[in-house]
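Please open the structure in a viewer and keep the selection panel at hand.

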Amino acid sequence: MIVSTPVRAAGAATCALTVVLTGCGTQAAESASQTIVLADGHALGGYNPVAGYGPAGEAKMYDGLLRLSGGEGLPGFEPALAAELPEPNSDATSWTVTLREGVSFHDGSAFGAEDVVATYTSILDPASASEVRSSFDMIEAVEALDETTVRFTLAYSYAAFPTKLLIGIVPSESVAERGLAAESSLNSDPIGTGPYRLTGLSPDRAVLEANEDYWGGTPEVERITLLYVPDDNTRAQRMATGEFDGTSLPPQLAATFADREDMSVQASKSADWRGVSMPTGDLVTGDPALRQALNHAVNRNMMIDNILAGHGRAAYTPFPEVYGDAHNPAATFSHDPELAGRLLDEAGWERGPDGIRVKDGQRAEFTVMYNSADTVRRDLSQAFASDALAIGVEVSLEALSWDRITPRIDTDAILIGGGDEPFDPDTQAYKTLHSAYLEPDVGSVYDNASRHANAVVDEELDRARRSTDPVERATAYRVVQEAYIDDPSYVFLAFLDHVYVSRDSDWAKPPPVLEPHSHGVTWGPWWSVNTWTRSR
């Protein structure tokens, strides 16, 4: 049950959206002084947190109750719209948040408890059809205790709840009418409390202006122009000619800028993994011995060196080393094609005349789909297919759009990615491995993409999720990884570093932060752009 509070009357009119249409010839001028021009491969718009925008707090137009702190290792949490870190009860089933006072939305209306209640209520409302609804399903109720205090009541103990307080808060008036979040005006006319406000939007350009009334102080970077340039090579070429101040690029393209004296290449560590789903219902990918064999056959280090230009780390499970005691360093697969071959021999997969293995009349062949717009996924898919062929498994590759991949997820493998919320082991691994997502209409179609169930994995994930003891949680996660290695449901390949190219400047910037699966110019050197200062 979601407990709501009355919606206040609208106090100010929504700002009109001014569409700024400027040509490429003005970009050099924009790049001077206090403005920056950034190019991204992700489409512009869709700026509604209720629909799922900015769940890790990366949205420049919004603030969450909490925000991330940068630096090495796993990020911490700092108060944002919360006045202080939230207080849980003894079993972490109730979390009380005291709100910052004196904060205004971009339309001039005051921020208060009713806005927090309305935002989370809308995310959880089935009528919104929010893409992130399942990520918040531990919330049983949210209520305003007074104008500056909100209480979240959870369905179970959940120590990782601070990760759910990063998403942006919207005015209660903007979600007063129930309806599809994807059709809300917030997607193109966002109203937040964040350090920047959107002043211009077209299909290939968005303009963000500094919020002079920002509670954290007016940003020194006064304007950010975002350009939509979907083709990787085009972004690289235009970056090379000085048209942008920064962009994100695949590692091999970014490496071409390494010798530029006027530019820097930054690789930000992430928990963003790439791997191959192995549908359990398929006669080939559902065979436990074949999944084991493929995990030993793939040459992860070669992929990292040759495809990621060294910007990544081998992945065997969805748990990177950054989780400290919750990471199990023994949970790995050796690169051993000979062992892979023996495993297949012992399981009855015999080499046929053409070198492809056969078992009970079934050829060892399957299809791996990958997104046609992603060159890194293409190259990883090709490397995976080559390693599989070396042990007698034939992998056919199909480059498709996501809308053509999705209907086939139960029957064909996918070069898939994950790590959407890596700021706690629970949000990193639960949806990837737990069998709860095999039930109809539970979570996203991409949750537990291999459609695999392992009782030990389920039990230990649940134990860690519901425990408030850090030692017990870490122990449970190490057991999860041990059980996974014995019964793998994917072939994890690598944790990626996200690679960015930026024009050198005299801006002083905070340290980078561990990045999630989502990346682009809202992350990288620009994740904390509102805190940049000029070097003195």
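The stops below cover helix pairs, cavities, a loop residue and a pocket.

This is a predicted model, in which local features need pLDDT of at least 70, side-chain atom pairs count only at pLDDT 80 or more, and totals for chains, interfaces and linings use all residues. Residues are numbered from 1 along each chain as its sequence is written, and side-chain values use heavy atoms, with hydrogens and water left out.

**First stop: α11 and α12**

Select residues 455–466, helix α11, and residues 470–486, helix α12. Helices (H or I, at least four residues) and strands (E, at least two) are DSSP runs numbered from the N terminus. The axes of α11 and α12 come within 8 Å and cross at roughly 165°; axes are lines fitted to C-alpha atoms, for helices over the stretch in contact, with angles from 0 to 180 degrees between N-to-C directions. α11 is therefore roughly antiparallel to α12, a term for angles over 145 degrees. Their crossing is left-handed, meaning that the near helix is turned anticlockwise from the far one by less than a right angle.

Now display the side chains of the contact (heavy atoms within 4.5 Å). The contact residues comprise 10 nonpolar, 1 polar and 5 charged. Here Ala, Val, Leu, Ile, Met, Phe, Trp, Tyr, Cys and Pro count as nonpolar, Asp, Glu, Lys and Arg as charged, and the others, Gly among them, as polar.

**Second stop: α10 and α11**

The axes of α10 and α11 come within 11 Å and cross at roughly 150°, so α10 is roughly antiparallel to α11. This crossing, too, is left-handed. D426, Y430 and L433 of α10 meet V457, D458, L461, D462 and R465 of α11. The contact has 4 nonpolar, no polar and 4 charged residues.

On a 1 Å grid over the protein atoms alone, a cavity is a set of points where a 1.4 Å probe fits but cannot get out, a pocket is an open set with protein on both sides within 12 Å along at least five of seven lines, and lining residues have an atom within 4 Å of a point. Points are joined across faces, edges and corners, and a volume is the space filled by probe spheres set on them.

The largest cavity holds about 90 Å³. Select S135, K164, K431, Y437 and R465, the closest to its centre of 13 lining residues.

Select D487, in the loop between α12 and β20 (490–503). Leaving aside neighbours within four places in sequence, D487 contacts R291, Q292, H452 and N454.

**Last stop: the second largest pocket**

Select G57, R67, L68, W527 and N530, the closest to the centre of the second largest pocket among its 28 lining residues. This pocket contains about 440 Å³ of space. Strand β2 (residues 66–69) gives the most to the lining, with 4 residues. The lining divides into 14 nonpolar, 9 polar and 5 charged residues.

Technical notes
Angles under 35 degrees count as roughly parallel, over 145 as roughly antiparallel, 65 to 115 as roughly perpendicular and the rest as oblique.
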